[in-house]
Amino acid sequence: MERINITIIGAGVVGLAVGYELSKKYRDIFIIEKNFSFGQETSSRNSEVIHSGIYYPQDSLKAKTCREGKILLYDFCLKYNIPHKKIGKFIVANSSEEESGLYQLFQQGLNNGVEDLRLIANNEIKNLEPNIRAKLAIYSGSTGIIDTHSLMKNLSEQFNMQGGNIVYNIELVSIEKKGEDFILRVRNGRGEEFNFLSRIVVNSAGLNSDKIAEMAGIIRDEYKLKYCKGDYFRVHNNKARFINRLIYPVPKKERAGLGIHATLDLGGGLRLGPDDEYVDRIGYNVDESKKKIFYESVREFLPFIEQEDLSPDISGIRPRLQGPREDFRDFIINDEFDFGLPGLINLIGIESPGLTACLCIARIVREMVRKYF
Ligand SMILES: Cc1cc2nc3c(=O)[nH]c(=O)nc-3n(C[C@H](O)[C@H](O)[C@H](O)COP(=O)(O)OP(=O)(O)OC[C@H]3O[C@@H](n4cnc5c(N)ncnc54)[C@H](O)[C@@H]3O)c2cc1C
């Protein structure tokens, strides 16, 4: 049976970043991907925002990988000409309840080491963003937007140039520990199955990552993913010209997301979203009847938007560890020696800020792999 050093399951932005990082040093690395190309799932269904790291509890992996990943990502973009723009973001408050949420968020951001945050009042808001309505805002200068497709294309090209191989249309169907190695069983597009051995397996399978851990024999409630769908609506009628930055509300405690917000893209377009809705199955249809809810969610702070400006756009699904109204859950980035599976590195629950954090997650995986070679 063929034996290779490292297999990465999944060619989303995280799997590609891990491949890029590991192929700098190691040989005989494969990324296997069940789709016909990279980035066909969550990595191409998101807001494409480089987050600054305000939202996550201090010392969490989400806070650390977001803060450090953001710096790595901006450097990477400059070095390899990946289209991006550090346009900055406002989180806005209008009611006294929102204001107190805003102060808490500001403190959280400072605790997380986000150094560029400023609290700004009505006058300055009016100067910088004359068309929005806000009494108080957090200004985050290090937030930006990125062309995720170009990022993934560049990562995959560098992975190949460094000697890595990506195999598309190959799905992992079973995984079993055998001595020092894992036997991986895969199925190709024609339905043919075959086995090979791999010393290290990095499970970066996004929405399937809990099932792959289960295939390997780790059956834990803590690993079970819940699907939290986020829909977007496109804003037409040239309304993108009314704002210069990303505009977010203060997240509501009872909601699972950051709150429906306004995101500019690199093509000059404007979208609202994502919302948050737990679903049982993967499906990307956006229900047009949500238009009113989207409009009502933003009309207070984005008064220039009319309901008629909106039409359904893309959606994405967060691979989330916490269910509705459950407490914060962090990324799982584990080498599973505790389960008798050393060399199986599970990446589970890599929801937002996974795009921002991808290069930092890759370095954490690199440190885990180091002890095997
Ligand atoms: C609505 C939404 C908005 C978001 N906004 C942001 C944002 O603005 N900023 C940010 O930083 N993050 C954001 N995120 C999070 C970010 O998109 C994800 O964290 C990131 O894309 C995860 O990448 P991934 O490579 O782990 O997963 P994926 O992109 O899902 O890739 C996993 C890959 O594994 C493959 N796979 C699965 N099972 C198998 C198998 N058995 N065999 C072979 N291949 C398999 C899949 O086909 C897939 O290609 C958002 C997410 C959502 C849903």
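In which strand is the place of Arg118? In this predicted model, Arg118 sits in strand β6, which covers residues 117–121. Arg118 is exposed because 11 other C-beta atoms lie within 10 Å, and a residue with 12 or fewer is classed that way. Phe106 is 12 residues from Arg118 in sequence, and their C-alpha atoms are 8.1 Å apart in space.

The overall layout comes next. The protein chain is divided into two parts: domain 1 takes in 3–45 + 149–224 + 328–370, and domain 2 takes in 89–141 + 226–320. Taken over C-alpha atoms, the centres of domain 1 and domain 2 are separated by 32 Å. Domain 1 gives 9 residues to the contact, and domain 2 gives 9 residues as well. On the side of domain 1 that touches domain 2, the classes are 2 nonpolar, 5 polar and 2 charged residues.

The ligand draws on both parts of the chain: domain 1 and domain 2 each supply at least three residues to the shell around the ligand. There are 40 residues around the ligand, and those that come nearest are Gly10, Gly12, Gly206, Gly230 and Gly354. The elements that contribute two or more residues to this shell are α1 (13–22), β10 (170–178), β18 (310–320) and α8 (354–370). Sorted by class, the shell holds 14 nonpolar, 18 polar and 8 charged residues.

Helix α8 has 17 residues and spans 22 Å from its first C-alpha to its last, close to the 24 Å expected at 1.5 Å a residue. At Cys360, α8 bends by about 35°. The buried residues of α8 include Gly354, Leu355, Thr356 and Ala357. An α-helix has 3.6 residues a turn, so residues three or four places apart point the same way.

Pro353 is in the loop between β20 and α8, and the peptide bond that joins Ser352 and Pro353 is cis, with omega about 15°. A cis peptide bond also joins Gly273 and Pro274, where omega is about -5°. Pro274 belongs to the loop between β16 (270–273) and β17 (277–279). Most residues other than glycine have a negative phi, and most peptide bonds are trans.

The other element to follow is β18, the strand in which Ile317 is found. Ile317 and Gly269 lie 48 residues apart in sequence, with 22 Å between their C-alpha atoms.

Two residues other than glycine have a positive phi: Glu48, near 55°, and Asn238, near 60°. Glu48 is in the loop between β2 (29–32) and β3 (49–50), and it counts as buried because it has 21 C-beta neighbours inside 10 Å. Asn238 is in the loop between β13 (226–235) and β14 (246–249). With 10 C-beta neighbours inside 10 Å, Asn238 counts as exposed.

Two further loop residues are partly exposed. Arg27 is in the loop between α1 and β2 and has 13 C-beta neighbours inside 10 Å, so it counts as partly exposed. Leaving aside neighbours within four places in sequence, Arg27 is in contact with Asn5 and Gly163. Along the chain, Arg27 and Gly163 are 136 residues apart, yet their C-alpha atoms are separated by 6.7 Å. Phe339 lies in the loop between β19 (332–335) and β20 (344–348) and is partly exposed, with 17 other C-beta atoms within 10 Å. Phe339 and Gly217 are 122 residues apart along the chain, and 8.6 Å separates their C-alpha atoms.

Notes:
Residues numbered from 1 in each chain as written. Predicted model: local features only at pLDDT ≥ 70, side-chain atom pairs only at ≥ 80, totals over all residues. Near = placed C-beta within 6 Å. Helix = DSSP H or I, 4+ residues; strand = E, 2+ residues; numbered from the N terminus. Nonpolar A, V, L, I, M, F, W, Y, C, P; charged D, E, K, R; others polar. Domains from an automatic or database assignment. Contact = placed C-beta atoms within 7 Å. Expected span 1.5 Å × (residues − 1). Bend = angle between axes of the 7 residues up to and from the residue. Buried ≥ 20, exposed ≤ 12 C-beta atoms within 10 Å, placed from the backbone.
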